[in-house]
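Hi everyone, thanks for making time for this.

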Amino acid sequence: MNEKTEELRDIFTDVTDGEETVTESQENTRGSIERDERSDADRLESVVQQMRERYEFETPLSDEELLTVARGFYDDRSDEEIADELEGDSDAVFEARMALHLVGETDADEVDLAAIRDREEDDATLAAEYDVSEAQIRRYRRVAAAEDQSRAANDRYRDEFDSILADADLSERMTSDLREDGLEDATEGMETEVDF
């Protein structure tokens, strides 16, 4: 050992009360690619309960069924498919989705929601103008109202659903890839010479 190394070793032993080695215990870090399924379920349930309290929406669906609606929406399932699973009505599923601010890209793709949002005309007049049924106009107005409600809350609830359900899917794909790959890619083609 040279003089500097000897000096550093002396400082180290003085600081560590004479111990030659120091081992720090390791703790789990806060972030992880692996997710706790229970915590996601709890978070989802919390979002639904917050929305029920804030908006006091009426639905024949229970909280558990609303969670099924949210999961189905993020699995790209139609209202009819979700209703079949719940043994219920697709109109009730649609209303539940709107209450949860889960507006899909195809919910109003035939009309410009901004154009009908503030219109005072009755459904029949708008239906004739857009060449759709009155029921579709009512549906579009409901979609517009859900979007307005979501924007008023700064899309907070939709963002929370996104972080729980969309990120959970991404996380699952990533962790399954990690399990499959392991260190194979990192060590592929590596030549190691070790002298013992």
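Let me start with a question: how many aromatic pairs does the count come to? The count comes to two aromatic pairs. Before I show you those, please keep in mind that this is a predicted model.

So, pair number one is Tyr-55 with Tyr-157, and the arrangement is edge-to-face. Their ring centres sit 6.0 Å apart, and the planes make an angle of 75 degrees. What I like here is that the pair links distant parts of the chain: Tyr-55 is in helix 2 and Tyr-157 is in helix 9, 102 residues apart. And are these two buried or exposed? Both Tyr-55 and Tyr-157 are buried.

The other pair is Phe-73 with Tyr-74. That one is edge-to-face too, with 5.3 Å from centre to centre and 85 degrees between the planes. Phe-73 and Tyr-74 are buried as well.

Okay, let's zoom out. The chain has 196 residues, and 29% of them count as buried. Now take the contacts in the chain with a separation of 6 or more: 59% of them are between residues 24 or more positions apart.

Now for the inside. In soluble globular proteins, nonpolar side chains tend to be buried together. Here, the largest nonpolar core has 26 residues, and the ones with the most contacts inside it are Met-51, Leu-100 and Phe-161. Which helices each supply at least two residues of this core? They are helix 2 (37–55), helix 3 (63–74), helix 4 (79–86), helix 5 (90–99) and helix 9 (156–181). Helix 3 gives the most, with six residues.

If you click on Met-51, leave out residues up to four places away in sequence and look at what Met-51 touches: Glu-56, Phe-57, Ala-99, Leu-100, His-101, Tyr-157 and Phe-161. There's also a second, separate core of 15 residues, and Ala-108, Ile-137, Tyr-140 and Ala-146 are among them.

His-101 lies in the loop between helix 5 and helix 6 (113–117), and it counts as buried because its relative accessibility is 2%.

Glu-87 also has a positive phi, about 55 degrees, and is not a glycine either. You'll find Glu-87 in the loop between helix 4 and helix 5. Glu-87 counts as exposed, because its relative accessibility is 74%.

Last stop, the surface. Which residues make a nonpolar patch of about 320 Å²? Leu-8, Ile-11 and Val-15 do. Val-15 lies in helix 1 (residues 3–15), and with a relative accessible area of 64%, Val-15 is exposed.

That's my tour, so please go ahead and ask me anything.

Definitions and conventions: Residues are numbered from 1 along each chain as its sequence is written. This is a predicted model: local features need pLDDT of at least 70, side-chain atom pairs count only at pLDDT 80 or more; totals for chains, interfaces and linings use all residues. Side-chain values use heavy atoms; hydrogens and water are left out. Patches are made of residues with over 30% relative accessible area and no salt bridge: like charges are joined within 9 Å, nonpolar side chains (Val, Leu, Ile, Met, Phe, Trp, Tyr) within 5 Å. Accessible areas come from the Shrake-Rupley method with a 1.4 Å probe; for residues, only the protein chains shown count as cover. A salt bridge is a side-chain nitrogen of Lys or Arg within 4 Å of a carboxyl oxygen of Asp or Glu. Helices (H or I, at least four residues) and strands (E, at least two) are DSSP runs, numbered from the N terminus. Buried means under 20% relative accessible area, exposed over 50%, partly exposed in between (1.4 Å probe, protein chains only). A nonpolar core is a set of buried Ala, Val, Leu, Ile, Met, Phe, Trp, Tyr and Cys residues joined through side-chain atoms within 4.5 Å. Contact means heavy atoms within 4.5 Å. Rings of Phe, Tyr and Trp (its six-membered ring) pair if their centres lie within 6.5 Å; planes under 30 degrees apart count as stacked, over 60 as edge-to-face and the rest as tilted.
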